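Here is a short briefing for a first look. Please keep the sequence and the 3D view open while you read.

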Amino acid sequence: MTTINEIQDEIIEEFSDFDDWMDRYQLLIDLGNSQQPLDEKYKTEQNLIEGCQSRVWLQADLVDHRIHFTAESDALIVKGIVALLIRVLSDHTPQEILDADLYFIERIGLKDHLSPTRSNGLLAMVKQMKLYALAFKAKGC
């Protein structure tokens, strides 16, 4: 099983191939587009993440003591960002997710190249994923 940090390092490596931010945005859009669409039944008010300018739905399911995340957004760049977060955090235990230091966000320059509202949305997505981990952990999973 690949660790959260190993996945982050892979992402940093992929993004380091591009110097130009337009190319990095394109990579984000491609990542978002290659993601499986979220089942319509999960596009509920309850799954909407507060604090995002665009609409982002996040579903978390516990499978074999690991949290499996699925998500979708109606904005291309945001869809790519959520695809990255899922790639890093999905299918790990609640404790691993809670302990994760998501350094890749800063290392690929994402933090510096997002508008303040998208930056807040990114933080809201991370916070929501960690809250799910906390809830599953509290249930003794």
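In which sense do strand β1 and strand β2 pair, and over how many bridges? Strand β1 (residues 56–63) and strand β2 (residues 66–73) pair in the antiparallel sense, over 8 bridges. This is a predicted model: local features need pLDDT of at least 70, side-chain atom pairs count only at pLDDT 80 or more, and totals for chains, interfaces and linings use all residues. Residues are numbered from 1 along each chain as its sequence is written, and side-chain values use heavy atoms, with hydrogens and water left out.

**The hairpin**
- Helices (H or I, at least four residues) and strands (E, at least two) are DSSP runs, numbered from the N terminus.
- Two strands pair if DSSP finds at least two bridges between them.
- Val 56 stands opposite Ser 73 in β2.
- β1 and β2 form a hairpin, with 2 residues between them.
- Asp 64 in the turn has a positive phi of about 50°.

**Helices α1 and α2**
- Helix α1 covers residues 4–16 and helix α2 covers residues 21–33.
- They pack at an angle of about 130°, with their axes 10 Å apart.
- Axes are lines fitted to C-alpha atoms, for helices over the stretch in contact, and angles run from 0 to 180 degrees between N-to-C directions.
- α1 and α2 are therefore oblique to each other (under 35 degrees is roughly parallel, over 145 roughly antiparallel, 65 to 115 roughly perpendicular, the rest oblique).
- Glu 14, Phe 15 and Ser 16 in α1 meet Arg 24, Leu 27, Leu 28 and Leu 31 in α2 (contact means heavy atoms within 4.5 Å).

**Helices α2 and α3**
- The axes of α2 and helix α3 (residues 76–89) come within 7 Å and cross at roughly 70°.
- α2 and α3 are therefore roughly perpendicular to each other.
- The contact includes Tyr 25, Leu 28 and Ile 29 of α2, and Ile 77, Ile 81 and Leu 84 of α3.

**Helix α3 and what follows**
- α3 is mostly covered, with 12 of its 14 residues buried (buried means under 20% relative accessible area, exposed over 50%, partly exposed in between, with a 1.4 Å probe and protein chains only).
- Among the buried residues of α3 are Val 78, Lys 79 and Leu 89.
- Asp 91 follows α3 and has a positive phi, near 65°.

**Thr 93**
- Thr 93 is found in the loop between α3 and α4 (94–99).
- Thr 93 counts as partly exposed, because its relative accessibility is 22%.
- Leaving aside neighbours within four places in sequence, Thr 93 is in contact with His 65 and Arg 66.
- The C-alpha atoms of Thr 93 and Ala 133 are separated by 7.7 Å, with the two residues 40 residues apart along the chain.
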